[in-house]
Amino acid sequence: MNAPASIKELLAAVGEQGRELPHESARLHVSGGATYTDDIAELRGTLYAALVLSPVAHGELVGTGIDRATLLAQPEVVAVFTAADIPGENNCGPIVHDDPFLASGKVEFIGQPVAVVVARSMRAARQAARGAVVAVKELPAILSIEEALAQQSFIMPSKGITRGQPDAQIASAPHRVQGRTGCGQQEQFYLEGQIAYALPREDGQLTLLVSTQHPDGNQREAAAALNLSAKDVEVICRRMGGAFGGKEGNSSIFSQSAALAAFKLRRPVKLRVNRDDDMMITGKRHDFRIDYDCGFDDNGRILGVDIVLASRCGYSTDYSGPVNDRALLHIDNCYYLPHLRVISHRCKTNTQSATAFRGFGGPQGMFAIETVIEEIAHELGLDPLQVRKVNLYSDPAVSGDSGSMTTQYGQAIEDWIGDRVIAQVASESAYNARRTSVDSYNKESKYRKRGLSLVPLKFGISFTATMLNQGGALVNIYQDGSVSVNHGGTEMGQGLNTKMAQVAADALGIEVGLVRVTGSDTQKVPNASATAASSGADINGAAINHACAQLRERLKPVAVRLLGCADSAIEFVAGYAQLTGITGSFDKKKQVPWQTLVKQAWLDRIGLSATGFYMTPDIAYNFNTLQGQAFYYFCYGAAVSEVEIDTRTGEWWLRAVDIVHDVGQSINPAIDRGQIEGAYVQGMGWLTMEECIWDKNGKLLTHGPSTYKIPVASDVPEHFRVSLFDGQNVKPTPYRSKAVGEPPLMLALSSFFALRDAVSAAAQHRARVDLVAPATPERILLACERAKAACQ
């Protein structure tokens, strides 16, 4: 390393965190050099697996459900496995063990895996599986939320939160609004589909190369299925081509199926499902039916509100418990609701088990309260922004209400900046002037109408299951000064490894180019939580800091001997161990280059490897009562969206987006802005165009890109502005940063409510708008017709 010419230049080089570094794999992504699971060179003798799927939504299997002899007679087929061949536990349920990865005795949705077919080629395996006849006695099926509610079919007991006296407050309120709305499912639609490559090792061991958010879960469940211990199963994931929650629990269906075949045959087995089968097998975002009854005053202040949430959970528990809990915890969004009752029904249906998806119930809860806000604004003839502002959380010293900064689950909000974020985006977007402009346009335009909406968000960060709030890391320093880092998180394109390299570089006082973050590996960092709940950078970054702190303490005595100074006088900065507070010109007597220090430490037989661990503090939450300190901190944001619709066709265009989002002190602003932009677009897709359609028998009809529409580049307007709120996390997270994975998705609520505003304009804002999500062109057209008819 070349020595800087002066101390000024040295200090200018300090610090990797806060820099807009490119994604660590960006060059590989665009050049085709990034290795995904399917790109890994296959071992000689590799076989290929495919899954036989249930053709009915509910039924009893006749025997094992398949004719093994017929399948084995198909070209290139070498083996067939069913639930009867599993030596251990048949389960892929991440929380409750009620979800077999191969159906046993019965099938409970169309697309449920019944058998694994293994062949010498992938084409042969798929053709044999697709042509298999499943012997099943069909039974009546429950397919919708309404059917489940009518038959009291629940996957788990209903839960709720009551605060104050909602019934009395609603009854005595000057104004009252009641209604029903809903928000739909959403397919994760990751670019890289589900895939697992199982490699048998000596003495019964297995290595599983899996596209997964939760290597530890794949490890434990595969070990349990094969009657192995966790030490005998290694799971590795270098990167994923997207996940969004869909590879948190669902990936185990495929990794266990491949593991079973590889374990039985002692041959490598790859299972890569095509897009159609992927969408037929895996779970989606929970769709919700929402009923509300709200009392409010002349200013739009909510006096009491009663909300009933009912979600379609599918046939097994999966993550439905915490997803629905989080909807209850986010029913307030940014608003103080002093008198509230909210109930959550978790409906059991004969459909794929709904699973984790970015936001994890938070978006559905926020959608509910924002709909109530919009209804209040319509009833009073107010701009919805006025109603939002009057209901915001506020300082008890100002409001005179001791509870006005405490959530419905009893957590005091310590970091409230929601009002400031709203004010900033309103100013930067010129909201008031835009509102005037939109109104003027609508008066002049007969068939085209525009809508405008500003929606804020407050999103809690932590796993609500306390034990999951922990992270681990392994940091190795090599003799040449380079550093490898392994941590419990997984890279799915979100830039986690880029940030972790920056954290490690700053913690050791070196340039980020010396750091390599390696693929997630259960034999390097064990017992890791899933990369979910937007916690990846927080818990794994803190674990890396813990490991690096230990290494600094080991290296300090070496630096002390080389510089002849006191231990307390050493700091690690910009590739040097140096005296603290040095001034003047560069002096090699006051600084030791990093590589020199590391080499001397090795010569002195100092350990250059350390493990780090972190557990999130201040979490004290009871998930039975839904009360306590559920979150370590909150993220805030607000977005202004402007849309235009054609009232004759229902077509719509997103004209402009302005966002202000709180990421604390950003480790990497470029990565964070990319996450914010992508989350908004994905949220807009959920709310406006991505629609899961089922036939009367429970078959998903939208199971590929030809029938399931996701946003594309042309759906993003040229006017798309993102500002990062200037602030720091009040909690001591790495670099005082905040999570950015999930919260920005809720910014897209503004796109839906802007469409609702435009529909309202079609009837001169004189009729209530009946519009559910996704607001497809068909729904927009019908909503316009209903609104106009109501005014005649």
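These legends describe close-up views of a predicted model. Residues are numbered from 1 along each chain as its sequence is written.

**View 1. The largest nonpolar core.** This core has 148 residues. A nonpolar core is a set of buried Ala, Val, Leu, Ile, Met, Phe, Trp, Tyr and Cys residues joined through side-chain atoms within 4.5 Å. Buried means under 20% relative accessible area, exposed means over 50%, and partly exposed lies in between (1.4 Å probe, protein chains only). Leu-309, Trp-594 and Tyr-680 have the most contacts inside the core. Helix α17 (residues 536-563) gives the most to it, with 13 residues. Helices (H or I, at least four residues) and strands (E, at least two) are DSSP runs, numbered from the N terminus. In soluble globular proteins, nonpolar side chains tend to be buried together.

**View 2. The surroundings of Leu-309.** Contact means heavy atoms within 4.5 Å. Neighbours within four places in sequence are left aside. Among the contacts of Leu-309 are Phe-288, Ile-290, Leu-328, Val-342 and His-345. Arg-289 and Ser-344 also touch Leu-309.

**View 3. Arg-341 and Asp-167.** The side chains of these two residues form a salt bridge, at 2.5 Å from N to O. A salt bridge is a side-chain nitrogen of Lys or Arg within 4 Å of a carboxyl oxygen of Asp or Glu. By this rule the model has 48 salt bridges. Asp-167 is partly exposed, at 46% relative accessibility.

**View 4. Asp-287 and Arg-312.** Here the salt bridge spans 2.8 Å, N to O. Asp-287 sits in the loop between α9 (275-281) and β13 (288-296), and Arg-312 in strand β14 (residues 302-314). The two are 25 residues apart. Both Asp-287 and Arg-312 are buried.

View 5. Asp-646 and Arg-448 meet in a salt bridge of 3.8 Å, N to O. Asp-646 lies in strand β27 (residues 633-646) and Arg-448 in strand β16 (residues 448-461), so the pair ties together parts 198 residues apart in sequence. Asp-646 is buried, with a relative accessible area of 6%. Arg-448 is partly exposed, at 29%. Salt bridges that share partners join both residues into one network with others, including Arg-434, Arg-450, Glu-642 and Glu-644.

Technical notes. This is a predicted model: local features need pLDDT of at least 70, side-chain atom pairs count only at pLDDT 80 or more; totals for chains, interfaces and linings use all residues. Side-chain values use heavy atoms; hydrogens and water are left out.
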